[in-house]
Amino acid sequence: MGKQAASEELASIPALLARNARKFGAKTAYREKEFGIWQSWTWLEASEEIRAIALGLLTLGIERGDHVAIIGRNRPALYWSMVAAQMVGAVPVPLYQDAVAEEMAYVLDHCGARFVFCEDQEQVDKVIEIQEKVHHIEHVIYVEPRGLRKYDHSHLHWIRDVQAEGRAAQQRFGAELAARTDELGYDDTCVMLYTSGTTGRPKGVVLSNRNIIESSKNSAEFDKLTADEEVLAYLPMAWVGDFIFSIGQAYWCGFCVNCPESADTVMVDLREIGPTYYFAPPRVFETQLTGVMIRMEDASRVKKWLFDTFMQHARKVGPQILDGKPVGLWDRFKYWLGDIVIYGPLKNMLGLSRVRVGYTAGEAIGPEIFDFYRSLGINLKQLYGQTEASVFITLQPDGEVRSDTVGVPGPGVEIRIAENGEVFYRSPGVFVEYYRNPESTASTKDAEGWVATGDAGFIEEGTGHLRIIDRAKDVGKMADGRMFAPKYVENKLKFFPNILEAVVFGSGREFCTAFINIDLTAVGNWAERNNIAYASYQELAAHPKVYEMIQGHVEEVNRSIAQDEMLSGCQIHRFLILHKELDADDGEMTRTRKVRRRIVEEKYADLIGALYDGSKEIYTETEVTYEDGRKGKISATLEIRDAAVVGEGKVAAQ
Amino acid sequence: MMDQGVEGYVTEDGRQIGGVLMALQNITLRFGGVVALRDISFDIREGEIRAIIGPNGAGKTSMLNVINGFYHPQEGQITFGGKTRSRMRPYEAAKQGISRTFQNVALFTGMTTLDNIMAGRTLKMHRNFFWQMLRHGPALEEEIEHRRKVEEIIDFLEIEHIRRTPVGQLPYGLQKRVELGRALAAEPSLLLLDEPMAGMNVEEKEDMSRFILDVNDQLGTTIALIEHDMGVVMDLADRVVVLDYGKKIADGLPSEVQNDQAVIDAYLGVPH
Amino acid sequence: MELLYNIFADPFVQMATMPDFLLQVLWEGFVTGTLYALIALGYVLIFKASGVFNFAQGIMVVFAALSLVGFYQAGVPAWLALLLALGVMGLMAIGIERLVLRHMVNQNEIILFMATIGLSYFLIGSGELIFGGETKSMITEELGLPTGSSVLDVAGGIVILQHIDIAAAVIAGILVAALAFFFNKTRIGRALRAVADDHQAALSVGISLNQIWAVVWFAAGIVALATGIMWGARSDVSFALQIVALKALPVLILGGFTSIPGAIIGGLIIGMGEKLFEVYWGGLMGSGVEGWFAYVLALIFLMFRPQGLFGEKIIERV
């Protein structure tokens with residue numbers, strides 16, 4: 001393997017770890033809240049812990065190139081396990097811990113993992129079950145011993161025991177470990193991440209040390225990240241973003257990774273940590289904003305007035321102040337006052353007071369939501385990325401932030417737009433291959449290293465910013481040849497807080513229609529304020545007043561779409577409100593909460609039929625999967641509504 | 001019926017159960033003319049999960065209230081912790097290591113989860129009032145130590161996220177968990193659970209069962225529980241006492257009790 | 001027309017033209033208000049812990065003050081008399097718990113309320129028996145409390161502040177702070193809140209109801225003694241004081257029966273409100289407004305906000 005690292009010694013994550021232990025030895029590297037207290041580890045302590053795990057893995061007979069699966073929520077011990085696996089020449093493969101057993105079994109089987117790290121009993125149980133079918137799993141190592149005391153421990157180990165074994169075996173394996181760590185090259189595999197993908201089986205994206213380290217370095221320089229950043233690691237460990245933020249950039253820069261106490265305490269932990277560098281998908285920002293708005297509805301009149309007044313002012317001048325543009329003295333004073341009275345306390349409540357660089361990506365974020373955070377003085381930006389790119393394709397530079405673009409190409413990234421509008425990129429972060437899947441690799445990445453994103457978009461003239469319209473394969477044509485961009489419309493719909501999810505149909509059809517999922521929190525609150533009684537999600541979703549409200553939203557979207565000539569055919573003529581939330585457990589969405597269009601189309605074919613045959617209502621039965629894996633059926637009669645469209649006359653429903 | 005010798009017995013899942021922790025002998029409890037419990041004897045052994053079951057009105061809750069001293073039986077004796085007595089006060093029961101939860105959740109609703117569980121440690125706290133007012137010296141150390149214990153319980157029951165929430169605002173299932181936490185805070189030698197799964201959905205029941213098993217397994221706490229749901233009981237309990245109309249009609253391993261004709265009749269409502 | 005003028009304009013004209021006098025009135029009201037608040041606090045303490053409306057709280061104030069003065073008159077030094085009076089309140093608390101409350105566990109609230117009425121007659125009777133029925137004066141100076149007054153130049157006029165009033169306000173403040181600390185930060189405080197919440201559950205975790213009740217009644221006794229001293233210093237010590245103590249009722253209705261901040265704010269609102277009304281509007285309705293203002297205000301509250309200013313919402317945190 002050729003060593004062509006920019007800096008010879010920093011060709012792998014373990015090498016970065018060694019450097020950090022030398023350079024930042026006494027600085028905090030990890031924090032985790034346990035028993036109500038933030039426990040912390042310095043870089044030196046962390047490197048010792050990691051080394052002990054690595055030695056322990058050697059005592060268990062781990063080989064170079066073995067795959068080590070990691071299943072659990074963000075915890076220091078699991079991050080350490082990944083780096084320890086790298087130290088012994090193995091490849092860490094973090095998995096989504098809430099994946100259904102079938103999906104998990106597929107990934108464990110596909111990557112051929114001999115070792116699996118589990119967070120707790122729940123994960124161990126899943127793996128033991130999978131072991132009946134997947135026979136190459138040899139050792140299971142767990143972090144949380146609770147409830148596992150009585151299990152057969154012949155091939156099951158508590159991580160502390162593994163570490164103790166490792167420490168005791170220092171003499172025996174010390175040299176071996178050093179040798180294996182030293183031989184790690186820049187083009188060796190760093191990590192393998194399975195993309196859930198909107199269609200088909202998950203694919204194992206192989207990323208090299210070069211991919212990860214170059215991407216981390218470039219992006220860290222882009223945003224001037226330092227060793228003093230604080231991040232909260234709360235997004236799935238299997239997601240490339242978490243690997244880049246919590247390992248790549250953290251190790252490159254030497255900053256501290258904080259792990260929440262539990263999945264339910266993230267918001268509280270966020271407040272306590274006050275990260276300086278923060279990533280969240282649009283959904284999180286949306287939920288937080290909805291929470292604030294609901295609280296303000298219940299607040300006293302004075303408070304509400306203050307909030308409204310100052311927020312109005314913030315919307316007016318906040319983004320400009322953030323971008324360093326000229327703002328009048330009086331407006332500045334008012335903003336300063338607002339910061340004391342409203343913005344400051346609000347940011348503190350949201351846990352965002354210290355955020356210096358904030359990013360969102362994955363889905364389009366509603367302009368109102370985006371502006372809300374920016375107007376508070378939070379430097380929230382957008383980026384566009386993929387697992388195959390080691391995250392970064394484009395990012396928004398400070399001072400050039402807008403809600404409708406995804407920024408300029410990151411350092412070292414080239415972008416090309418194909419004739420059909422599909423975006424291609426080439427960068428140091430471009431993945432090596434899909435594991436054991438040369439066909440997919442070949443169809444995604446060409447010989448020159450250009451990768452197809454699968455998204456359609458264009459580079460805005462003048463600014464050089466990339467704008468994304470939709471998934472390339474989803475940008476289709478309607479029956480009369482007009483452009484059909486469902487995602488574009490869906491996003492516009494989803495910007496309404498009352499609409500959680502929308503699925504728009506119309507490819508090869510005369511006109512467009514939509515499924516709507518209401519947001520239970522927002523609509524529930526609205527119902528409460530308007531004295532609308534409901535006993536269930538289903539009942540609320542079917543309420544005529546809710547329909548009326550949603551119809552208003554749909555028609556507003558229609559008016560907005562009509563302004564863009566190219567897309568005006570995408571106006572929604574008919575819609576219905578679904579009786580259940582689209583759910584990853586039912587396969588209707590990916591784990592990252594993207595709608596699986598094909599599956600939805602198949603599953604609800606009867607409903608789509610009704611949208612196009614002019615029915616006023618339709619009876620349907622739907623299979624649902626409960627959290628514990630059991631299946632059940634729900635049935636409902638759904639109303640179908642016509643929405644007003646602009647400019648082309650209503651298509652009569654036969 | 002099974003052998004209940006002094007040496008203990010082996011449970012259906014193969015655990016060795018030790019000697020007698022509490023023995024109830026010929027307990028009779030009357031309210032005015034109504035006989036709630038009639039001449040009932042059974043024992044609870046160290047380390048076991050003991051279930052008391054029976055149809056509605058069988059006297060299960062009365063039995064639990066006798067054990068923890070809310071009710072004083074007119075006849076009979078209770079031996080616990082080496083002492084035999086005919087009646088106990090709730091305060092004394094708590095002092096001797098008996099903790100309990102209630103059928104309808106009796107929490108301090110205005111206080112937070114943390115304070116509720118902390119209150120459960122009342123009997124473990126010794127520093128006097130004066131030190132406490134100063135919050136200094138030994139009292140502070142003690143408070144920290146108690147807080148640590150409470151945090152372990154919070155971790156154990158996975159209720160970190162509601163640490164600072166007033167329990168009155170919590171959903172029922174979580175309240176039940178907090179109540180269990182409060183009972184555990186006293187580090188009881190005998191834990192009494194009054195219908196721990198009442199009013200829960202399937203998922204919550206599974207969670208609660210797991211917690212009960214974990215408490216028994218990891219903390220080694222002896223548990224006596226009342227439960228209406230037969231299925232749950234048979235999975236959880238090591239031994240089962242069956243009451244009907246205030247009388248004991250069966251006592252033994254779940255498998256034995258399940259096949260007992262008297263029990264089947266009682267549950268099917270065969271007239272006496 | 002003139003009536004309207006007298007109601008809606010004249011008082012405000014007076015306030016505006018003589019701001020120093022307005023301040024004086026407000027200050028007087030404020031001091032009275034703190035004393036109302038203290039009495040109300042005694043009720044709140046006991047109500048929170050045992051759910052009993054302690055009818056005897058007013059007479060406890062008198063009884064505490066009487067024993068203090070009584071001990072002093074018997075020749076004991078003032079500081080010792082104070083300690084002894086505290087001791088009497090402690091003994092009384094234990095006595096009440098042992099002889100009354102313990103036997104009434106699980107009884108209906110109304111029965112407990114009746115018991116406190118009985119208690120108040122018992123205290124009146126035994127008080128008269130021991131200390132005699134005549135009016136006494138408080139041993140203000142002997143206790144080291146200030147007696148002078150200061151004149152402040154404010155708003156183009158003067159405001160006179162009695163030092164004893166300032167002391168009363170300060171002591172009331174300290175007492176409230178101490179109680180808040182006691183309730184929220186100590187183990188007994190936590191136990192007390194637990195008992196207030198659920199008797200059975202409190203018993204099951206090993207909280208001794210008897211101990212808690214004794215502590216609460218003692219705390220109420222301390223508050224009563226402090227109130228007795230302050231009130232006595234401003235007027236006299238006599239059984240008539242218990243009538244004043246009834247003012248605590250409207251205060252409680254305003255503030256909520258279970259809220260300590262409610263008791264304080266309720267006390268201040270009523271104290272200042274009735275003074276203002278008496279001075280500026282009293283002439284219109286014949287004087288004596290002070291006597292009924294509080295009750296009318298309470299009545300209005302009962303109609304529009306029966307839970308009081310701080311009912312329910314606050315108890316969750318207190």
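**Stop 1: the domains of chain B**

Select chain B in this predicted model. Its domain assignment gives domain 1 (1–97 + 188–272) and domain 2 (109–187). Colour each domain separately. Taken over C-alpha atoms, their centres are 27 Å apart.

Now zoom in on where the two domains meet. Eleven residues of domain 1 of chain B are in contact with ten residues of domain 2 of chain B. Which helices supply at least two residues each to the domain 1 side? Select helix H2 (90–95) and helix H7 (202–218) of chain B: these are the ones. H7(B) gives the largest share of that side, four residues. Colour the domain 1 side by class.

**Stop 2: the largest nonpolar core**

Move to chain C. Select C:Ala40, C:Leu68 and C:Val216. In the largest nonpolar core, which has 176 residues, these three touch the most other members. Next, select helix H9 (residues 209–234) of chain C. This helix supplies the largest share of the core, 19 residues.

In soluble globular proteins, nonpolar side chains tend to be buried together.

Stay with C:Val216 and show what surrounds it. Leaving out residues up to four places away in sequence, C:Val216 touches C:Leu45, C:Ile46, C:Ala49, C:Ser50 and C:Leu192.

Another core, of 141 residues, lies apart from the largest one. To find it, select A:Ile50, A:Leu193, A:Ile273 and A:Tyr335, which are among its members.

**Stop 3: where chains meet**

Show all the chains in separate colours. Two pairs of chains are in contact, and chains B and C share the most contacts. Then look at chain A against chain B. This contact takes eleven residues from chain A and 13 residues from chain B. The chain A side divides into one nonpolar, four polar and six charged residues.

What about chain A and chain C? No contact joins chain A and chain C, and their closest C-alpha atoms lie 14 Å apart.

**Stop 4: a helix pair in chain A**

Hide the other chains. Select helix H4 (residues 101–111) and helix H5 (residues 121–131) of chain A. The two pack at an angle of about 65°, with axes 10 Å apart. The crossing of H4(A) and H5(A) is right-handed.

Show side chains here. From H4(A), A:Ala101, A:Met104, A:Ala105 and A:Leu108 take part. They meet A:Lys126, A:Glu129 and A:Ile130 of H5(A). By class, this contact has five nonpolar, no polar and two charged residues.

**Stop 5: two residues with positive phi**

Stay in chain A and select A:Lys224. Look in the loop between helix H8 (209–222) and strand S10 (230–232) of chain A. A:Lys224 is not a glycine, yet its phi is positive, about 50°. Is A:Lys224 buried or exposed? A:Lys224 counts as exposed because it has 10 C-beta neighbours inside 10 Å, and the limit for exposed is 12 or fewer.

Bring chain B back and select B:Asn26. This residue is found in strand S3 (residues 20–31) of chain B. B:Asn26 is exposed, with 12 other C-beta atoms within 10 Å.

Notes. Residues are numbered from 1 along each chain as its sequence is written. Chains are lettered from A and ligands numbered from 1 in the order in which they are written. This is a predicted model: local features need pLDDT of at least 70, side-chain atom pairs count only at pLDDT 80 or more; totals for chains, interfaces and linings use all residues. A nonpolar core is a set of buried Ala, Val, Leu, Ile, Met, Phe, Trp, Tyr and Cys residues joined through C-beta atoms within 7 Å. A residue is buried if 20 or more other C-beta atoms lie within 10 Å of its own, exposed if 12 or fewer, and partly exposed in between; C-beta atoms are placed from the backbone. Two residues are in contact if their C-beta atoms, placed from the backbone, lie within 7 Å. Ala, Val, Leu, Ile, Met, Phe, Trp, Tyr, Cys and Pro count as nonpolar, Asp, Glu, Lys and Arg as charged, and the others, Gly among them, as polar. Domain bounds come from an automatic or database domain assignment. Axes are lines fitted to C-alpha atoms, for helices over the stretch in contact, and angles run from 0 to 180 degrees between N-to-C directions. A crossing is left-handed if the near helix is turned anticlockwise from the far one by less than a right angle, and right-handed if clockwise.
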